[in-house]
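Reader: I have a structure on my screen and would like to talk it through with you. Shall we take a look together?

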Amino acid sequence: MAHTIWDKLDGIVSFWTFRDISNVRMEGFNNKIRWRIKLACGFRDHEYFKLKIYQLPEISCVKKL
């Protein structure tokens with residue numbers, strides 16, 4: 001176990017140093033891409049689909065009341 005901790009020491013120290021940084025935004029964006037892929041069944045134009053992916057940061061996935 002000590003050998004494993006020694007091998008992973010850089011990652012452990014980075015976790016405790018940069019604890020407030022996370023990849024939540026990237027995971028959310030990946031979920032938006034997966035959502036768009038589910039909606040895209042039938043898209044034949046790959047360029048149009050690529051444009052729709054570039055448009056995703058402007059789209060809100062939260063339902064408006």
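This is a predicted model: local features need pLDDT of at least 70, side-chain atom pairs count only at pLDDT 80 or more; totals for chains, interfaces and linings use all residues.

Reader: What share of the protein is buried?

Author: A residue counts as buried when its relative accessible area is under 20%. The protein has 65 residues, and the buried ones make up 12%.

Reader: How many helices and strands are there, and in what order do the elements run?

Author: The protein has 4 helices and 0 strands. Read from the N terminus, the order is α-α-α-α.

Reader: At what angle do helix 3 and helix 4 pack?

Author: Helix 3 covers residues 24-39 and helix 4 covers residues 46-55. Their axes lie 10 Å apart, and the crossing is right-handed. The packing angle is about 145 degrees.

Reader: Which residues of helix 4 meet helix 3, and how does the contact divide by residue type?

Author: From helix 3 come Phe29, Ile33, Arg36 and Ile37, and they meet Phe49, Lys52 and Ile53 in helix 4. The residues of this contact divide into 5 nonpolar, no polar and 2 charged.

Reader: Which residues does Ile53 contact beyond its sequence neighbours?

Author: Ile53 belongs to the largest nonpolar core. Setting aside neighbours within four places in sequence, the contacts of Ile53 are Phe29 and Ile33.

Notes: Residues are numbered from 1 along each chain as its sequence is written. Side-chain values use heavy atoms; hydrogens and water are left out. Axes are lines fitted to C-alpha atoms, for helices over the stretch in contact, and angles run from 0 to 180 degrees between N-to-C directions. Helices (H or I, at least four residues) and strands (E, at least two) are DSSP runs, numbered from the N terminus. A crossing is left-handed if the near helix is turned anticlockwise from the far one by less than a right angle, and right-handed if clockwise. Contact means heavy atoms within 4.5 Å. Ala, Val, Leu, Ile, Met, Phe, Trp, Tyr, Cys and Pro count as nonpolar, Asp, Glu, Lys and Arg as charged, and the others, Gly among them, as polar. Buried means under 20% relative accessible area, exposed over 50%, partly exposed in between (1.4 Å probe, protein chains only). A nonpolar core is a set of buried Ala, Val, Leu, Ile, Met, Phe, Trp, Tyr and Cys residues joined through side-chain atoms within 4.5 Å.
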